[in-house]
Amino acid sequence: MQPQIPRQSAHEHGTQRVDNDARLSDELASVVGGARRRAVRDGDRQIDTAHLLHSLLESGPEARAVFGDGPPLARLLGYLVQRSIGYGLRWQSGVEDSGAGPVVTGSAGFSPLAAAAMERACARAAERCRAARGVDLLDAILVDPQARAVEVLQRAGIDPGEVRVRLADGTPWPPECVGGGEAAH
């Protein structure tokens, strides 16, 4: 099956392109572009919250700093890499959707949960009178316990609720902290 994610160059400026949204910082637009490329490369039908999380950790310095440079980040990146090389194969046949809320329209190429997270990130940033940044998106993707990004965090032994607390108070993840015990396999 061909991916349904639009393959557009960085120079196209379509109105449906979320990564060209004026509400996004340059950093977050880059993160969305990276998630789009990852989804296409992986053969996934849509950009999901795990694609966004992986791209945030690669290109979002503020979001990455929340996890610090210790074992939790290394374990999380390991799970995300595994996901892109086969761990996520069971996700390719389905759409990431918890069914908990309405589907967000106008976000072509995004899973319903990823589209809702993008909207929450923009709303969070608007409350702070600024463009949405990586930390806004990180907080937004952790809201729904059915999100694939939440599942990956939990498998890496990181408590998504604790990450949201750290985002709220700006505390980085201490390197010696494993954030929730050993990962479930």
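The legends below describe an overall view and several close-up views of this predicted model.

Residues are numbered from 1 along each chain as its sequence is written. In this predicted model, local features need pLDDT of at least 70 and side-chain atom pairs count only at pLDDT 80 or more, whereas totals for chains, interfaces and linings use all residues, and side-chain values use heavy atoms, with hydrogens and water left out.

**Figure 1. Overall view of the protein, with 8 helices and 0 strands.** Helices (H or I, at least four residues) and strands (E, at least two) are DSSP runs, numbered from the N terminus. In order from the N terminus, the elements run α-α-α-α-α-α-α-α. The protein has 185 residues, and 49% of them count as buried; buried means under 20% relative accessible area, exposed over 50%, and partly exposed in between, for a 1.4 Å probe and protein chains only. Among contacts (heavy atoms within 4.5 Å) with a separation of 6 or more, 63% join residues 24 or more positions apart.

**Figure 2. The largest nonpolar core, with 45 residues.** Such a core is a set of buried Ala, Val, Leu, Ile, Met, Phe, Trp, Tyr and Cys residues joined through side-chain atoms within 4.5 Å. Leu 52, Leu 53, Phe 67, Leu 76, Leu 137, Leu 138 and Ile 141 have the most contacts inside this core. Two or more residues come from each of helices H1 (26–42), H2 (49–59), H4 (71–84), H5 (112–127), H6 (134–141), H7 (148–155) and H8 (160–169). Helix H5 gives the most, with 8 residues.

**Figure 3. Surroundings of Leu 53.** Neighbours within four places in sequence are left aside here. The remaining contacts of Leu 53 are with Leu 76, Leu 80, Leu 138, Ile 141, Ala 149 and Leu 153.

Figure 4. Apart from neighbours within four places in sequence, Ser 55 is in contact with Ser 30, Val 31, Gly 34, Ala 35 and Gly 60.

**Figure 5. The salt bridge between Glu 119 and Arg 23.** A salt bridge is a side-chain nitrogen of Lys or Arg within 4 Å of a carboxyl oxygen of Asp or Glu, and the whole structure holds 10 of them. The N to O distance between Glu 119 and Arg 23 is 3.2 Å. This pair links distant parts of the chain, 96 residues apart, with Glu 119 in helix H5 and Arg 23 in the segment before H1. Glu 119 is partly exposed at 31% relative accessible area, and Arg 23 is partly exposed at 36%.

**Figure 6. The salt bridge between Glu 58 and Arg 38.** The side chains meet at 2.6 Å, N to O. Glu 58 lies in helix H2 and Arg 38 in helix H1, so this pair ties together parts that are 20 residues apart in sequence. Glu 58 is partly exposed, with 49% relative accessibility, whereas Arg 38 is buried at 7%.

**Figure 7. The salt bridge between Asp 139 and Arg 124, with the network around this pair.** The side chains of Asp 139 and Arg 124 meet at 3.4 Å, N to O. Asp 139 belongs to helix H6 and Arg 124 to helix H5, so parts 15 residues apart in sequence are tied together. Both residues, Asp 139 and Arg 124, are buried. A network of salt bridges links Arg 124, Arg 130, Asp 136, Asp 139 and Arg 164.
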